[in-house]
Amino acid sequence: MDARPAASVVEPHPATEHHDYQGAKLGMWIFIMTELILFGGLFIAYGVYREMHADDFHTASSELNVRLGVANTLILLTSSLTIALSITALRLRRKGQAMVLLASTMVLGCAFLVNKFFEWSAKIHHGLYPGSEHLMARPPGQRLFFGLYYGMTGLHGLHVTVGVVLMAVMLRLIARGKIRHDNFIALENSGLYWHLVDVIWIFLLPLFYLAA
Amino acid sequence: MSTAVAPAPAASEPSFYQGEGAHSIRSWLLTTDHKRIAILYLSAMLVFFLTGMTIGVFMRLEQLTMGPTLMKPTTYNALFTLHGVIMIFLFVIPGLPAVFGNFCLPIMIGAKDVAFPRLNLLSWYLFMAGAVIALTSLFTGGGPPDTGWSFYVPYSVTTSTNVTLAVLGAFVIGFSSILTGINFITTMHRLRAPGMRWMRMPLFPWALYATAWVQVLATPILGITLLLVVLERVFHLGIFNPAIGGDPILYQHLFWTYSHPAVYIMIIPAMGAISEIIPTFAHRTIFGYRMIVASSMGIAGLGSLVWAHHMFTSGMSDTANVIFSLLTFLVAIPSAIKVFNWVATLYKGSIELRAPMLFALAFIFLFSIGGLTGLFQGALAVNVHIHDTYFIVGHFHYVMFGGTGFAFFAALHYWYPKMFGRMYNERTAVVAWVHMFVGFNLLYFTFLVMGVQGMPRRYYDHLPTFHVGHQIATVGSWILVAGILIMVGNLVRGLFRPVSLPANPWGGVTLEWSVPSPPPVENFTVLPVITGPPYQFNPPAEEAA
């Protein structure tokens, strides 16, 4: 291999810079893809079993609370807006505004989880949980529906929780001046992650709540 | 060989082992240097490999005589599960990318480190955490898992052994694998040296690139599948449990959607390492560079579409069987292209039979047998006959041990001087190689024969028909293990020699041979600029002179 000293290189090269904005973003997008594939396995299972038990899925779906589902959708969509605004505010050097917007995103994320908690506990209170006697008395399709419901919304809820913790970290980093208007890639990647959580929910809503 | 290498750093430049506080344990455990992380992986993996090997030896000893020899049938079940889990998840899958990929990839593309050095360290910690979780499962709960490494439902859901922890361990290791994949892809996209276009990148990085995409695209499927097994066991979700309404075949589909591409995660980097070693010791440019690149990517792509050939006897439709059989035959083409390219590289080369080269040649031979026996199983009718026999076990070990294992050892002998700045005793290395090659074939070729005769896999005992075969195989395992112990002893002894090697002991022409052995912390004092394709042993200018 032919090589000579880099003296003649004029254009900046990512290898010589400490912060590689493009690289960090590329890495995040690939990670988001792996997350989509992770949920993809569950979506495949949903597709297979819905095809096999269309009527059972229809019946079981009618027992979910559409209002709560839609409310949670609105909450998540709003939180996606606030985090996007937070990134823009930081880039415009409005640090305080960025922090307020980020904190509101966290509050909305928590609100989603609280809603989810009440929804789940109502279901469990009615004996609708995997392995319960009440559920096992129903046809297999309905058991699978609720198995998938708890599995998929549970994994999604876990992602929401991780997202809220992530934003708490970001908030601290902004406060300490580690994330600034000229070095905001960590916040931007957190935003990407939050949008991913949002997008997955957009698919969960019709598959579970609106399937009836 | 090319004389035009990057300017050598000042002789006083300390290597990555030296410098202030560089000897403390803390400096190793908190390092973000890709070279140190590679050494961390290497030491951990050799321990896991020797553990897995010991378990394998016990299994062979059990089969030495008919009836109970050493252990109870349940112990045997636990042993083959452990052997599989340790070897596959802790050695063969992460082996070449984590050790040699970490060490060589940045240097070979002219970078100072990977794109995300801290993430790289996190990958190592996740790997170790997963290993600890998996090993904890042996001593806690209902005892070591006895499902086989594939954790098939419904048995994995109903068994009282500690499947949950073992599966969680594999999940964490999978996460580590994904992060390494993301890191490598980004590194190759962003940090190639000025002038290193994609088609100027050496073949080992290319192989790692193809592998990284498979890691990133396939591992999440394993993640969710294993997670569902855990949820199934703990919360009785029912997705895979026929008692609740789920379908166990769906588990097999999802499991193999990852685990078949996983064998390409294991073999593609091995092929990449061989593509580095063959030109160096044939002193000749690689034959068909572009085709090797294309076949790496081709294997990665086609290999993702053949998973259901593990399930020909599971009750799929005939149409599905025929399609997956056809795709399986197709994936043999890019692998064969590589074998032909390596052999063509040797043609009219000035071949130097040094230790790494011997391991590489053994790889070509053993991998070819492994690949061809794979085609037997791709044929539907033959598959019914040899399914779940020792033929499968023999084939798998020819590809994974004869292929990836031997390539790992070839790479270890090839890059050892670069990693440690010292040389092992080459005569001893050759002695070890002879033992390993002979023992290997005695052990696993016998497996192939017994498989065709009908010896079922995973059985604790055997019928008198197979007695001689099992005895031959067990003797073969002794020779093989002797060879491995000689090799490991030789490599460890080499570490106590003084550092005395030049930058380029083999006459290699890729960038890692242009930096001192062992390399300095930042790899390059001056970033190299690439002006031509790799593997130019006779630059035109030199020939003209």
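Helix α1(A) has a bend of about 25 degrees at Gly40(A); the bend is the angle between axes fitted to the seven residues ending there and the seven starting there. Helices (H or I, at least four residues) and strands (E, at least two) are DSSP runs, numbered from the N terminus. Why does the length of this helix agree with expectation? At 1.5 Å a residue, the 32 residues of α1 (residues 21-52) of chain A should span 46 Å, and the end C-alpha atoms are 47 Å apart, which agrees. The expected span is 1.5 Å times one less than the number of residues.

A word on provenance. This is a predicted model, where local features need pLDDT of at least 70, side-chain atom pairs count only at pLDDT 80 or more, and totals for chains, interfaces and linings use all residues. Residues are numbered from 1 along each chain as its sequence is written, and chains are lettered from A and ligands numbered from 1 in the order in which they are written.

Now the contact. Chain B contributes 50 residues and chain A contributes 36 residues, with two residues in contact if their C-beta atoms, placed from the backbone, lie within 7 Å. On the side of chain B that touches chain A, the elements giving two or more residues are α7 (163-190), α8 (203-235), α9 (248-282) and β1 (529-530) of chain B. The largest share, 10 residues, comes from α8(B).

Finally, confidence. The model scores ipTM 0.90 and pTM 0.93.
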